[in-house]
Amino acid sequence: MLALVVGSGAVYAVLSPGLRGAVGDATPRQNVALEASELGLPAGATNVQDFGSLLADFEAAQEASLVALRGYLLTDGEGFHGEWLQASARLQAASDALGRQSSTWTDGRKLVELVEMQRLVDQLLAEQRAVAAIVGTVNRYPGLQLYTEDVRPALGEAQALCTEIMDAMLAISSPDVVGPVGPFATFRGDLDDLRAGLADFMAASRDATLPEAASSARLGAMRKTLADVRPQIPVEMREEIDRLASLIGTVQEKLDRVFALRKGERWDYADYAFRTRIEPLAGKLGSIGAAWRESAGRQS
């Protein structure tokens with residue numbers, strides 16, 4: 001989406017062809033020669049800054065805000081964050097400048113299009129702020145948040161219960177009768193493998209292989225082990241076994257959602273929102289500017 005080349009202290013940001021087409025093909029800061037009369041202004045009208053220059057400023061600010069925000073998403077860098085804030089302020093100022101100049105326009109269609117442009121600018125800036133706000137937070141990665149807030153604590157509680165249950169079983173065991181200690185020790189080892197495998201998997205790249213310890217087959221086997229040992233342990237410990245089984249079931253349910261998010265396009269919600277909410281708005285704004293340029297070209 002955005003190619004970043006860093007060298008000699010300079011950062012060059014290049015938008016994808018699709019996005020660049022959405023915000024106009026004009027070079028940023030290029031002063032497009034559009035006469036006031038071509039916009040529907042009175043013949044011979046003069047302005048402090050002609051419409052072509054105002055439109056070029058607007059388009060340059062819009063593109064700069066998109067590039068800086070995209071750079072911020074890719075790097076979490078404060079430099080890009082500062083550039084995005086500055087570009088956003090420029091975009092708002094450029095939109096306001098077009099609005100002030102419109103008091104002399106006589107083309108009703110373009111006045112209506114300007115109102116739509118300003119509405120889109122407000123929406124674009126609001127969406128950009130929403131996306132920028134989740135950079136660096138757990139909200140950016142819903143699947144990771146689900147793992148951090150639900151799965152990992154459940155596994156921690158399960159490990160603590162394992163220790164408690166094992167201590168109780170060992171207290172009444174003897175070398176002659178191992179009983180449920182053996183299979184429960186296997187369960188405890190599987191739980192340790194699950195925790196370690198998930199920690200590595202969540203820290204790895206998106207194309208990492210799902211840990212075998214977290215497979216449905218392994219989790220199902222763990223729950224069966226608990227069901228098999230439950231009748232063999234002291235009655236007073238069976239409530240803990242039931243809680244342990246419930247935790248494993250919850251973990252399995254939550255992991256299904258985590259893995260689905262990991263495979264889908266919403267894993268990085270900031271990137272998803274940029275592509276599905278911000279880029280379309282930029283495209284609509286670009287279409288309005290392009291229509292104005294085309295209209296001016298026909299009249300030249």
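Residues are numbered from 1 along each chain as its sequence is written. Because the model is predicted, local features need pLDDT of at least 70 and side-chain atom pairs count only at pLDDT 80 or more, whereas totals for chains, interfaces and linings use all residues; side-chain values use heavy atoms, with hydrogens and water left out.

The protein chain contains nine helices and two strands, where helices (H or I, at least four residues) and strands (E, at least two) are DSSP runs numbered from the N terminus. Read from the N terminus, the order of these elements is β-β-α-α-α-α-α-α-α-α-α. Of the 300 residues of the protein chain, 44% count as buried, a term that stands for under 20% relative accessible area, with exposed over 50% and partly exposed in between (1.4 Å probe, protein chains only). Among contacts (heavy atoms within 4.5 Å) in the protein chain between residues at least 6 apart in sequence, 74% join residues at least 24 apart.

Rings of Phe, Tyr and Trp (its six-membered ring) were taken as a pair if their centres lie within 6.5 Å, with planes under 30 degrees apart counted as stacked, over 60 as edge-to-face and the rest as tilted. By this rule there are seven aromatic pairs. In one of them, the rings of Phe51 and Trp105 have centres 5.7 Å apart and planes at 85°, so the pair is edge-to-face. Because Phe51 belongs to helix 2 (residues 51–75) and Trp105 to the loop between helix 3 (78–101) and helix 4 (108–134), this pair ties together parts that are 54 residues apart in sequence. Phe51 is buried at a relative accessible area of 2%, and Trp105 is likewise buried at 6%. The rings of Phe201 and Phe259, with centres 5.6 Å apart and planes at 85°, also form an edge-to-face pair; since Phe201 lies in helix 6 (residues 181–203) and Phe259 in helix 8 (residues 238–263), the parts tied together are 58 residues apart in sequence. Phe201 is buried, with a relative accessible area of 6%, and Phe259 is buried at 10%. One aromatic cluster is formed by Phe51, Trp105 and Trp292.

A nonpolar core is a set of buried Ala, Val, Leu, Ile, Met, Phe, Trp, Tyr and Cys residues joined through side-chain atoms within 4.5 Å. The largest such core has 36 residues, and those with the most contacts inside it are Phe58, Met117 and Trp292. Helix 2, helix 3, helix 4 and helix 9 (269–299) each supply at least two residues of this core, the largest share, 10 residues, coming from helix 2. Beyond its neighbours within four places in sequence, Met117 is in contact with Phe58, Leu98, Leu285, Ile288 and Trp292. Another core, lying apart from the largest one, has 35 residues, among them Val151, Ala158, Leu194 and Leu247.

Arg262 lies in helix 8 and counts as buried at 4% relative accessibility. Leaving aside neighbours within four places in sequence, Arg262 is in contact with Phe201, Met202, Ala204, Ser205, Arg206, Ala208 and Trp267. The side chain of Arg262 reaches the backbone oxygen of Phe201 at 3.2 Å, and a polar atom of this side chain lies 2.9 Å from the backbone oxygen of Ala204. The charged end of Arg262 sits over the ring of Trp267, 5.2 Å from its centre, the criterion being that NZ of Lys or CZ of Arg is within 6 Å of the ring centre and within 35 degrees of the ring normal.

How values were computed
A polar contact is a pair of N or O atoms within 3.5 Å; within protein, one must be able to donate a hydrogen and the other to accept it, and residues adjacent in sequence count only if both atoms are side-chain atoms.
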